[in-house]
Amino acid sequence: MNYGKGVRKEKRLFGLKEYTFARSLEQADKLLHGEKGNVILGGLLWMRMGRKNHHTGIDLSKLGLDQITQTEDKVEIGCMTTLRQIETSQILGSCFGNILTDSVSHIVGVQFRNCATIGGSVFSRFNFSDILTALLALETQVHLFRGGTLPLETFITLPPKKDILIKLTLKKKAWKTNYQSHRMTATDFPVLAAAVTYGEDQWRICLGARPSRAILAEKAAALLPEKPDEKQIGLACEQVVEELSFGSNQRGTKEYRQLLAGILVKRGIEDICR
Ligand SMILES: Cc1cc2nc3c(=O)[nH]c(=O)nc-3n(C[C@H](O)[C@H](O)[C@H](O)COP(=O)(O)OP(=O)(O)OC[C@H]3O[C@@H](n4cnc5c(N)ncnc54)[C@H](O)[C@@H]3O)c2cc1C
């Protein structure tokens, strides 16, 4: 487009001045804090939609951080693990049921999920995030290079700060889980996302894309005994709407989301009790 007097204004695109493969986490950290515009790269799917020009892009893909492993009491997911690996992992399926598969299976398409990383997804703390909703309903710890280890529910409330998300750990329990989202079309962003879990005498109910960020409905979960009856489920669903805030955006109104919240949580609890 011409802006007069022969001045041609180019549309700015995402850019990197330099690209480097980190040889260690220590080197990646040093680089990240070395220059203002240096940045950690995940699968680049979100970043490249932006128009920011960065200095050095730091690629962690040669550090072996793309593994899902387990010990006796926990499962570890490296930051470069793709959403597709999460979707198809036998370890995650056997420890947590379908919750993680169901939370990512609507994200764009298989080719996209083959590239998008869990590090980029969690570090970005998107309000619409399916995977954050599911991970919050499991007991997830976030491991940061500088920030140390902290529960996911704490991490998502912190202001953005340069750091490296190294891995996630998820506690093993006799989990029963359910994940549902409501979308206008199969691969659109969710109108509302709901994850319900039960493990070791404790329910966890998490609602995401409200449209604000995923959050646990702790009071509602505390109302539920191990095997709730219809009335107790109804009261817990009412409490979810009471204790969490919902809002409106182009995908749905506050009232629509409140209605959906009750329905998705009820289905989730009933599925787990079946
Ligand atoms: C078109 C489109 C549709 C989408 N739809 C959905 C959806 O319906 N549901 C949903 O949940 N998600 C959705 N997403 C988000 C997607 O699933 C990923 O979360 C997103 O692409 C980020 O992952 P990435 O690997 O591409 O990260 P990148 O784009 O590479 O990075 C994102 C940010 O995270 C930082 N980062 C990356 N890795 C690390 C790390 N290890 N440590 C510290 N910082 C890091 C980067 O510096 C950058 O700031 C969508 C994304 C797109 C582009």
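## The ligand, its shell and a paired set of strands

A backbone N or O atom of Leu45 lies 2.9 Å from an oxygen atom of the ligand. The protein covers 90% of the 970 Å² of accessible area that the ligand has on its own. Such areas come from the Shrake-Rupley method with a 1.4 Å probe.

This is a predicted model, in which local features need pLDDT of at least 70, side-chain atom pairs count only at pLDDT 80 or more, and totals for chains, interfaces and linings use all residues. Residues are numbered from 1 along each chain as its sequence is written, and side-chain values use heavy atoms, with hydrogens and water left out.

**Ligand contacts**

The table lists polar contacts, meaning pairs of N or O atoms within 3.5 Å.

| Residue | Protein atom | Ligand atom | Distance |
|---|---|---|---|
| Leu45 | backbone N or O | oxygen | 2.9 Å |
| Thr117 | side-chain N or O | oxygen | 2.7 Å |
| Asp130 | polar side-chain atom | nitrogen | 2.7 Å |

How many residues surround the ligand? There are 33, and the closest are Ile40, Gly43, Leu44, Thr117 and Asp130. A residue counts as near if one of its heavy atoms lies within 4 Å. By class, the shell has 21 nonpolar, eight polar and four charged residues. Here Asp, Glu, Lys and Arg are charged; Ala, Val, Leu, Ile, Met, Phe, Trp, Tyr, Cys and Pro are nonpolar; the others, Gly among them, are polar.

Which element gives the most to this shell? Helix α6 does, with five residues. It spans 118–124, and both α6 and β2 (39–41) supply at least two shell residues. Helices (H or I, at least four residues) and strands (E, at least two) are DSSP runs, numbered from the N terminus.

**Strands**

Two strands pair if DSSP finds at least two bridges between them. Strand β4 (residues 68–70) pairs with β5 (residues 74–78) in the antiparallel sense, over three bridges. A hairpin of three residues joins β4 to β5. Thr69 has Glu76 of β5 as its bridge partner. β5 also pairs with β8 (residues 165–171), again antiparallel, over five bridges. There, Ile77 stands opposite Leu168 in β8.

**Second largest pocket**

The second largest pocket holds about 170 Å³ of space. Its lining includes His33, Phe123, Arg125, Leu144 and Asp163. The lining residues divide into five nonpolar, two polar and five charged. A pocket is an open set of points on a 1 Å grid over the protein atoms alone, where a 1.4 Å probe fits, with protein on both sides within 12 Å along at least five of seven lines; lining residues have an atom within 4 Å of a point. Points are joined across faces, edges and corners, and a volume is the space filled by probe spheres set on them.

How values were computed:
A polar contact is a pair of N or O atoms within 3.5 Å; within protein, one must be able to donate a hydrogen and the other to accept it, and residues adjacent in sequence count only if both atoms are side-chain atoms.
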